[in-house]
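Here is a short briefing on one protein model. It covers the nonpolar core and the charged pairs.

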Amino acid sequence: MKRFLTTLAILLVVILAGLTTLVLLINPNDFRGYLVERVEKQSGYKLTLQDDMRWHVWPKLSIISGKMSLTAPGAEQPLITADNMRLDVELWPLLSHQLEVKEVMLKGAVVRQTPESKAIPKITPPSVANEDSTRPIIEPKTNRWQLNIAKVRISDSLIIWQTKGGEQLNLRDINLLLKTDDKKQINLEMSTKINRDRRELMLNVVANADMSGYPYQISGNIAQLDYALSGIGLPAQGISGNLTSDFNIKNDSINVIALNNLNMTANESQLQGSITAE
């Protein structure tokens, strides 16, 4: 037992010495340009990191950044702003100056889904006609997000969502965990509060989605959706319940959403069945 404890102590000392050496030899600000360049190259979005980046070694090896923003091409306002960003990274790739991110965490984030934060497509000027005008024109490929991140966590944040009619909804106290893999299977966990017309809706959602057919088809299931609605014009105890369902969304000439194996409760009432909408 004594030999085991001695070996364990030596191992811990070696690990701590290695982490200390790593912190001293590698400046996390060296990755700033790499992050900005990769995000813009693969998505067209502009990543802005305002403050210096620094190491955080416990309980996870992480790079901490101050205020950040992510802006769509040509947009007037950032799509995402956050008070700070944390990147949980793999240790061994750092030894060869490679940055592998296990998780991105944003705290105090504001996500804007408004006309001012949407991307404005660039207008390509018409080509001048010449003798080679019969040559077929090859359209450039649409720029899509290709930066794969295994896990994204957002805490204590706000989502501002403006509908086509101009109405604005604020989703407050957002806590969100989004996981994905190489097969484009997504797991979502989210809790939030929505206030409107002196009413409050509390949501707690756990869902899974298959994004391999995106943007033409998305399928998956809502494993858990707990809700509680209270406020003006509602019963004193409010309306609360839960929902589970499979879903399938098709984006073709006609957009169709189908909810199958639907099971919903609202106070003492219960609904079971399927719903299809265009």
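A salt bridge is a side-chain nitrogen of Lys or Arg within 4 Å of a carboxyl oxygen of Asp or Glu. This is a predicted model, and the structure holds nine salt bridges. Side chains of opposite charge can pair when their charged atoms come close.

**Salt bridges between strands**

- Lys 107 and Asp 156 join through their side chains in a salt bridge, at 2.7 Å from N to O.
- This pair links distant parts of the chain, with Lys 107 in strand β7 and Asp 156 in strand β9, 49 residues apart.
- Lys 107 counts as partly exposed because its relative accessibility is 35%, and Asp 156 counts as partly exposed at 47%.
- Asp 173 and Lys 193 form another salt bridge, their closest N and O atoms being 3.8 Å apart.
- Here too the pair links distant parts of the chain: Asp 173 lies in strand β10 and Lys 193 in strand β11, 20 residues apart.
- Asp 173 is partly exposed at 42% relative accessibility, and Lys 193 is partly exposed at 29%.

**Other salt bridges**

- Arg 196 pairs with Asp 197 in a salt bridge, with 3.3 Å between the closest N and O atoms.
- Arg 196 is partly exposed at 41% relative accessibility, whereas Asp 197 is exposed at 55%.
- A network of salt bridges links Arg 86, Asp 88, Glu 103, Lys 151 and Arg 153.

**Nonpolar core**

- The largest nonpolar core has 40 residues, of which Ile 63, Met 68, Leu 87 and Leu 106 touch the most other members.
- Residues that Ile 63 touches include Phe 31, Trp 55, Met 85 and Leu 99.
- Ile 63 also touches Arg 86, which belongs to the salt-bridge network.

How values were computed
Residues are numbered from 1 along each chain as its sequence is written. This is a predicted model: local features need pLDDT of at least 70, side-chain atom pairs count only at pLDDT 80 or more; totals for chains, interfaces and linings use all residues. Side-chain values use heavy atoms; hydrogens and water are left out. A nonpolar core is a set of buried Ala, Val, Leu, Ile, Met, Phe, Trp, Tyr and Cys residues joined through side-chain atoms within 4.5 Å. Buried means under 20% relative accessible area, exposed over 50%, partly exposed in between (1.4 Å probe, protein chains only). Contact means heavy atoms within 4.5 Å. Helices (H or I, at least four residues) and strands (E, at least two) are DSSP runs, numbered from the N terminus. Lists of a residue's contacts leave out its neighbours within four places in sequence.
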